[in-house]
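Hi,

Here is the structure I promised to pass on.

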Amino acid sequence: MKVPFLAFSPQHEPIREEVMAAMGRIYDSQWYVLGDAVRSFEAAYAGFSDVQHCVGVANGLDALHLSLLALGIGPGDEVIVPSNTYIATWLAVSYVGATPVSVEPNPATANLDPARLEAAITERTRAIMPVHLYGQACEMEAIMAIARQHRLFVIEDNAQSQGATAGGKSTGSFGDVNGTSFYPGKNLGALGDAGAITTNDAMLAQKLRTLRNYGSQQKYYNEVIGYNSRLDELQAAVLQVKLQYLPDWTRQRQQVAAWYDAQLQSVGDLHLPVTAAGSTHVYHLYVVRTAQRDALQRHLTEAGIGTLIHYPVPPHLQQAYAHLGIKQGAFPIAEELANTSLSLPMWPGMKEEDVTAVVEAIRRFY
C-alpha cells in the first residue's frame, strides 16, 4: 500500500465549492489588493490567535523580517534563535543586519531550551525568536519570564503551530510581534505563498501595515522606506474559508499522531515525539528519530511510503552562514537532530489503515 507524505485532497475536496465561491467573489469584486477580503481575514485570524491585531503579508519570511524592523532591531544587535530551525528564522535576522545567536533545543522536544537562554544573552541582545517546531508550542512561560527579566523583545515564529497552546494560551499571542506562514503545506495553508503578523500593540500593527505597503499609509505618500509585502485578496479569501475548518483538521492530525504513538511503541531504536508539560502539539509534522535514518528512509521509499527530512543541514552549517565561522560540532544537539530526524506521512483525513501501512513497513525494516 502506497502512502504519500502529504495529500491535499482530503482537505480540499470537501470544501471545493466554498473555496471556488470565495475566489469568484474576489474575481467579480474587481478589487484585488488590500481590500475587504484581507481585512476580514485579518480580523478572523486575530480572533483565532487571541490577539487584537493581525497584519497580512506576502509570506512567512516577510512576517519575521518586518516584525524585526518594526521593533527597530538592526546592525549591532543580536537576536537569539534556535540552532535547529528552518533557515528562514535566521534569514530574517540577517535581513535587518542583526546577528543570529544560536541556542540549542531541548533534545526531547526539539524546541528552544529555556534553560540555555541566559548563557547566550549579552549587552547586545535585543530579542528572542522561539520557533514552535513541528507544531508543538515552546515552553513560552519560561521564555517570557527570561525576556522580561532582561527587557528583551520576543518574536514568535508560529509558522508550524497555528492552534497550539502553551499554558492554555495560543501560540502567536505571547510575543511583542509574531510571524506565521500560510505556505500550502502548513496546517492553515493558502494556495500559494502567504503570511501574517500577530500583535496586541496597536502602534506596532500600524507600523507594520505601513512597512508592508511601500512605507505608505496614503497612496503616493511614503513615510518610510517600505516593502511590497501584501497578503493577496484571493489568498485571504481562501484562508478565511479554511480557517473555520482548522480546529477539526487539528483534531484529525492529533488522532493520526495518537495512532502512530500506539503502533510505534518499542519499535527498533525509534524515538517518538515528546510534548512538554503544559504545551499542546498540532502535528504539522510527525517526526521520529533513529540512528538508521537514511537507511530507513530508503526502505520506506522502496515500499511506496513518502517521507521528508526536516532539516538535513542546520543553519550554522549552511554555506550561507559560513561567514560566521561556526564549525561542525559547535551545536551537537542540532547536528544530531539533523542526522537522525525523519518526518512520517501526516495530513488531515489520513486513515488508520494508512498509518498501519507505514508502521508495518517500518517494522519490516527492523
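**Aromatic pairs**

The count comes to ten aromatic pairs, where rings of Phe, Tyr and Trp (its six-membered ring) pair if their centres lie within 6.5 Å, with planes under 30 degrees apart called stacked, over 60 edge-to-face and the rest tilted. Phe-41 and Tyr-45 are a stacked pair, because their planes sit at 25° with the ring centres 5.8 Å apart.

Before going on, a word on the source: this is a predicted model, so local features need pLDDT of at least 70 and side-chain atom pairs count only at pLDDT 80 or more, while totals for chains, interfaces and linings use all residues. Residues are numbered from 1 along each chain as its sequence is written, and side-chain values use heavy atoms, with hydrogens and water left out.

Back to that pair. Phe-41 and Tyr-45 are four residues apart in helix H3 (residues 36-49), which puts about one helical turn between them. (Helices, H or I with at least four residues, and strands, E with at least two, are DSSP runs numbered from the N terminus.) Phe-41 is buried at a relative accessible area of 0%, and Tyr-45 is buried too, at 1%. Here buried means under 20% relative accessible area, exposed over 50% and partly exposed in between, using a 1.4 Å probe and protein chains only.

Phe-365 and Tyr-366 make an edge-to-face pair, because their planes are at 85°, with centres 5.0 Å apart. Phe-365 is partly exposed at 21%, and Tyr-366 is partly exposed at 32%.

Phe-41 and Tyr-45 also belong to one aromatic cluster together with Phe-48 and Phe-182.

**Strand E8**

Why is strand E8 described as largely enclosed by the rest of the structure? Because five of the five residues in E8 (residues 177-181) are buried. Val-177, Gly-179 and Ser-181 point one way, Asn-178 and Thr-180 point the other way, and all are buried.

E8 pairs with two strands, and a pair needs at least two DSSP bridges between them. With strand E5 (residues 153-157) the sense is parallel, over three bridges, and Val-177 is the bridge partner of Ile-155. With strand E9 (residues 195-199) it is antiparallel, over four bridges, and there Asn-178 has Thr-198 as its bridge partner.

Asn-213 sits in the loop between helix H7 (202-212) and strand E10 (216-218). Asn-213 counts as buried at 18% relative accessibility.

Cheers
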